[in-house]
Amino acid sequence: MSTAVSRFPHLRQDFAASLVVFLVALPLCVGVAVASGVPAELGLVTGIVGGLVTGLLPGSSLQVSGPAAGLTVLVFEAVDTYGLPALGVIVLAAGLLQLAMGALRLGRWFRAISISVVEGMLAGIGLVLIAGQLYAAAGLTAPASGVDKILGLPGAAADALGSTEALASLAVGAGTVAVMLLWRRIPGPAGVVPGALAAVLLATAVTLAFGVPVATVEVQGLLDAVQPPGADAFGSLGAGVLGTIVAFTLIASAESLFSAAAVDRLHDGPRTRYDKELMAQGAGNTVCGVLGALPMTAVIVRSSANVQAGARTKASRVLHGVWLLLFAALLPSALALIPLPALAGILVHAGWKLIPFRAVAALWRGHRGEALILVVTAVSIVVVNMFEGVLIGLALSVVKTAWEASQAKLEVIDKGAGPLQVYLSGNATFLRLPKILDTLESLPQDRPVELDLTGLHHLDHACRTALRNWSERHSTPGTPPVKLTETPAPLP
């Protein structure tokens with residue numbers, strides 16, 4: 001025992017933390033799998049791989065990986081479009097792409113992504129997730145698209161009010177959310193139990209005790225659920241799947257690396273090595289793809305629980321994978337007792353936490369452009385789809401940056417006699433060209449003009465060409481000429 005303690009000085013803290021993380025991860029793994037339209041066991045498989053594979057690799061020592069609510073919508077769409085056998089191929093390709101990006105040292109570049117785009121992405125995911133799980137909580141089938149899910153909610157509510165079974169199912173889901181919200185306030189040792197687990201256990205006990213007619217998790221068995229993709233799965237995919245693979249890769253990588261940055265702020269231990277963490281995520285997703293399981297990301301809920309429980313090394317996250325494996329191997333039948341509306345309630349709560357209400361309010365007060373990017377990204381994900389919504393957000397972020405960088409000041413000085421003196425300073429780009437030309441074209445045609453460009457830091461091709469054309473028009477026969485002063489590159 002003394003030898004073990006000397007080799008693993010933090011074993012006691014890591015062991016206790018691993019149990020806490022296991023209890024937090026268990027209902028989330030199952031809930032994410034069911035919401036993604038795949039067997040519940042596949043969520044446990046991804047959690048196991050996140051512990052035993054990614055957990056052993058270098059990168060971030062304390063963040064925990066597994067199936068995440070942030071990828072639920074994307075996985076559901078992929079399974080619905082290409083089928084469950086294709087999921088393994090998509091996850092495998094995404095994992096290999098992550099490995100390549102990590103090897104090329106691209107992990108650190110994910111920190112350059114606008115935080116408004118990332119938060120908008122999570123908000124859009126949260127909105128679609130909440131809308132879809134409200135149908136599941138009532139035992140109804142949700143529409144396919146995000147817009148239809150939201151627009152169909154009033155009709156679904158009317159259908160639920162006319163069905164005793166739907167109302168009972170909704171009551172279980174609402175009760176689950178209520179328990180999760182109130183559980184932290186319970187004093188004494190009971191508060192140590194994670195709220196999600198307590199909510200599921202109570203919902204299961206109530207439905208069994210009172211015979212509430214609700215649907216429960218379907219159990220296939222761990223070995224039956226794991227189906228590695230065969231040659232048919234590889235051959236049946238066309239070029240259209242490439243966008244889905246890229247979306248899986250970018251979103252999983254961004255969520256993992258932003259989670260790593262957040263976890264680093266929670267502890268004083270070793271900092272995350274982003275490129276190695278990206279490769280660790282890639283290795284985990286590669287294994288998940290081979291097993292036909294869900295994709296993984298680093299999950300902030302489990303990671304923060306790990307830190308708060310006193311974890312000191314990566315042993316805690318590895319041990320949490322061991323506990324998930326033991327549960328899946330020894331107690332798989334226990335999954336069949338879990339009511340589906342309870343899992344829907346957990347994911348409604350998770351989706352709500354993905355929506356950054358405080359961040360939107362803070363941005364609106366101080367940076368309205370960033371707030372607009374966040375909202376447009378979220379709405380685009382709901383209206384269009386995940387991948388294109390993120391691209392729209394990134395495009396808006398680039399345009400906003402270009403607009404802010406293009407600050408050009410045009411000053412006209414009229415001394416009453418002699419030429420008009422026009423000073424142009426700052427960065428003259430095509431984004432500011434309409435305002436510059438409006439000012440120049442409003443100058444009197446019967447006065448000579450001296451246009452001084454020496455104060456410009458940057459003059460792009462569009463502005464250079466427009467200024468040249470304006471000077472030629474203003475210098476037509478019968479009008480005073482335009483005198484240009486600029487460095488370092490004169491107008492042609």
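How many aromatic pairs does the count come to? The count comes to 2 aromatic pairs, where rings of Phe, Tyr and Trp (its six-membered ring) pair if their centres lie within 6.5 Å, and planes under 30 degrees apart count as stacked, over 60 as edge-to-face and the rest as tilted. This is a predicted model, in which local features need pLDDT of at least 70 and side-chain atom pairs count only at pLDDT 80 or more, while totals for chains, interfaces and linings use all residues. Residues are numbered from 1 along each chain as its sequence is written, and side-chain values use heavy atoms, with hydrogens and water left out.

Phe15 and Trp323 form an edge-to-face pair, because their ring centres are 5.7 Å apart and their planes stand at 85°. Phe15 belongs to helix H2 (residues 11-35) and Trp323 to helix H16 (residues 315-330), so the pair ties together parts that are 308 residues apart in sequence; such helices are DSSP runs (H or I, at least four residues), as strands are (E, at least two), numbered from the N terminus. Trp323 is buried, at 18% relative accessible area, whereas Phe15 is partly exposed at 40%; buried means under 20%, exposed over 50% and partly exposed in between (1.4 Å probe, protein chains only).

The pair of Trp352 and Phe357 is tilted, with 4.8 Å from centre to centre and 40° between the planes. Here Trp352 is exposed, with a relative accessible area of 53%, and Phe357 is partly exposed, with 44%.

Turning to the strands, S3 (residues 408-413) and S4 (residues 420-428) pair in the antiparallel sense over 6 bridges, where pairing requires that DSSP finds at least two bridges between two strands.
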